[in-house]
Amino acid sequence: MKPVSAADYTVAVVGAGAMGQGIAQVSVQGGLKTLLFDARPGGAAEGAAQIGKRIDRLVEKGRIGDDDASSAKANLIPVDDMSALADCDAVVEAVFENYDVKAELFKNLEAVVSKDCILASNTSSIPISSIARNCENRDRVAGMHFFNPVPLMKLVEVIRASETSDETVAALTELGKRMTRVPVSVADMPGFLVNMGGRAYSSEGLRMVHEAVATPAQIDAIMRDCRHFRMGPFELMDLTGIDINFPASTIIYNGYMQDPRIKTAPNHEAMYNSGQFGRKTGSGWFKYDGGKVVDPPSPDHVSDAAAASRMALAEPDETLEAFCKEIGLPVGDDDGSCPILAAPFGDDATHTAMRTGADFKRLVCVDLSCDTSKRVTIMTAPGADSSVRDAAAAAITATGRAVTAIKDSPGFVAQRMSAMIANLGCYMAEVALATPDDIDLAMKLGLNYPLGPLELAADLEPRRCLQILDRLHAITGEDRYRPTMWLKRRALLGLPVHTPS
Ligand SMILES: NC(=O)c1ccc[n+]([C@@H]2O[C@H](COP(=O)([O-])OP(=O)(O)OC[C@H]3O[C@@H](n4cnc5c(N)ncnc54)[C@H](O)[C@@H]3O)[C@@H](O)[C@H]2O)c1
């Protein structure tokens, strides 16, 4: 194989659609001679013209200089015949997401290129090994999974299929770097890394709405304000499109032999069946007009109740006491009618009342697992006295914080969601999908997560994270919430969650 650092290293991009154009653009901007081929006559030239316009816009915006733009454009060569790819060193395929089309293409490519030429697919969902099985030399076949829009998304997943050689993975990693991307090495498993890792955020959000724990607007606000995600799971689903993320969820769930951890909820399929795909159709979890959300429902608890002048604690809790003191909540002895506060980890309000003996009608649980400076999540048991909850909420809103009041849920919203994301990250580490550091890096770059899944486990503390999952598992009785062995072992041994096996 030719070293990727060679000055004349030549890449071919096959398929000049949305992704192929993006891949060819970063390739030429990385200084690589790049052939662009499309089966549609004139498609490659049209694609090259689009790339040229995008490069010109980068010059206008002052992002790149004239010389760099000229050499990038000179490096881009549209071709109309596959035979023109004979001398290239690597092919990145970005044709239709159809197995038969890709299988046929790889067979034809092998007849044209040299034995040393790497063949990489940008497929989002087809196993690389199943594409490679049609090839003579399977060791040079791998995945190179870019994200849309390619020039803005730095991550590229280099997918190692069962017969891919180390040399091929190393070369594609170098190639990704030359294309100014950040490559991570990933095993050939359903959804690869980012699309699999993203299942927890959407499916647990859907699950909580399905259980009527909270509304989409409430869950989004909690994840933004208290866990610093740039977007909540529902606005993110509406942006990606439910026509994309429901089928993706189903494929990945089935690919993992129906692991309940990544099972989506019935409301996801119902939304898909209704044709409300999100922004692109004007409605999904929210309503849109010209890409803007219309009349977004408020996530805030509103009541005209007077603030409680006294609150008691359900059990001794230094963190809760410190929180009350810091924000000036009046805490004292139970007078028999005041709100009783608790800050459980993993328990719902019902089990907190059972455990502490507190009067469940006056018990108000507060989530202290996350940032409470802007928004505080409170939770009550069924049958709780809403006037007591409202008096506690009013005391919190008087400190300048918004309150989101949810229905009873083991782990509130933020704990439950964070623990599920962390557990799925630990699962990906356990099955050696990628290294713990690469899992974190990929999820931050690919989905804008503020912390990677294992970093989230570290932030919660592995023991706490395990406690949340254990309680979720025990209370719901569902395998969905079973902690991974990866997390359990590290939590029990008191080890950092990134500790390798
Ligand atoms: N769009 C995304 O967000 C995204 C993200 C990651 C990966 N992907 C994957 O990238 C691939 C391409 O997706 P896209 O959105 O760019 O599709 P697209 O429909 O925009 O482009 C596909 C292009 O491939 C060409 N083509 C089809 N068959 C061909 C063949 N046999 N030989 C040469 N050219 C052929 C078509 O003419 C078309 O120009 C798919 O495998 C998709 O799953 C897409």
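Predicted model: local features only at pLDDT ≥ 70, side-chain atom pairs only at ≥ 80, totals over all residues.
Okay, let's start with the overall picture. The protein chain has 20 helices and 15 strands. Its radius of gyration is 26 Å, close to the 23 Å from the globule rule for 501 residues, so the chain is as compact as a globular protein of that length. If you put a box around the C-alpha atoms along the principal axes, you get roughly 85 × 50 × 40 Å. On burial, 51% of the 501 residues count as buried. And if you take the contacts with a separation of 6 or more, 68% of them join residues 24 or more positions apart.

Next, domains. The assignment gives three pieces: domain 1 is 10-188, domain 2 is 193-213 + 216-298 + 415-449 + 480-501, and domain 3 is 312-406.

Now the ligand. There are 22 residues around the ligand, and the ones that come nearest are Gly 15, Gly 17, Met 19, Ala 39 and Asn 148. By class, that shell splits into 11 nonpolar, eight polar and three charged residues. Which helix gives the most to the shell? That's α1, with three residues. Both α1, at 18-29, and α4, at 99-112, supply at least two residues each.

Asn 148 is among the residues that come nearest to the ligand, and the peptide bond from Asn 148 to Pro 149 is cis, with omega near -5 degrees. Pro 149 itself sits in the loop between β6 (141-146) and β7 (155-160).

On to the packing. The largest nonpolar core has 160 residues, and Val 91, Leu 193, Leu 363 and Ala 392 touch the most other members. Helix α16, residues 414-430, gives the most to this core, with 11 residues. Let's zoom in on Val 91. What is Val 91 in contact with, once you leave aside its neighbours within four places in sequence? The list is Ala 12, Val 14, Leu 85, Leu 109, Val 113, Cys 117, Leu 119 and Ala 120.

Phe 192 has phi near 50 degrees, which is a positive value in a residue other than glycine. Phe 192 is in the loop between β8 (182-187) and α7 (194-197). Buried or exposed? Phe 192 has 27 other C-beta atoms within 10 Å, and the cut-off for buried is 20 or more, so Phe 192 is buried.

Then there's Glu 461, with phi near 85 degrees, again positive in a residue other than glycine. Glu 461 is in the loop between α18 (453-460) and α19 (462-476). Glu 461 has 14 C-beta neighbours inside 10 Å, which falls between the exposed limit of 12 or fewer and the buried limit of 20 or more, so Glu 461 counts as partly exposed.

A few more residues before I stop. Pro 127 is in the loop between β5 (118-121) and α5 (128-132). Pro 127 has 20 C-beta neighbours inside 10 Å, and since 20 or more is what buried takes, Pro 127 counts as buried. The C-alpha atoms of Pro 127 and Ala 142, 15 residues apart along the chain, are separated by 9.9 Å.

Ile 244 is in helix α11, residues 242-255, and is partly exposed, with 15 other C-beta atoms within 10 Å. Along the chain, Ile 244 and Tyr 272 are 28 residues apart, and their C-alpha atoms are separated by 9.3 Å.

Last one: Arg 224, in helix α9, residues 216-225. With 18 C-beta neighbours inside 10 Å, Arg 224 counts as partly exposed. Not counting residues up to four places away in sequence, Arg 224 touches Phe 229 and Gly 232. How far is the C-alpha atom of Arg 224 from that of Asp 81, 143 residues apart along the chain? The separation is 49 Å.

That's it from me.

Methods. Residues numbered from 1 in each chain as written. Domains from an automatic or database assignment. Near = placed C-beta within 6 Å. Helix = DSSP H or I, 4+ residues; strand = E, 2+ residues; numbered from the N terminus. Nonpolar A, V, L, I, M, F, W, Y, C, P; charged D, E, K, R; others polar. Core = buried A, V, L, I, M, F, W, Y, C linked by C-beta atoms within 7 Å. Contact = placed C-beta atoms within 7 Å. Rg over C-alpha atoms; globule rule 2.2 N^0.38 Å.
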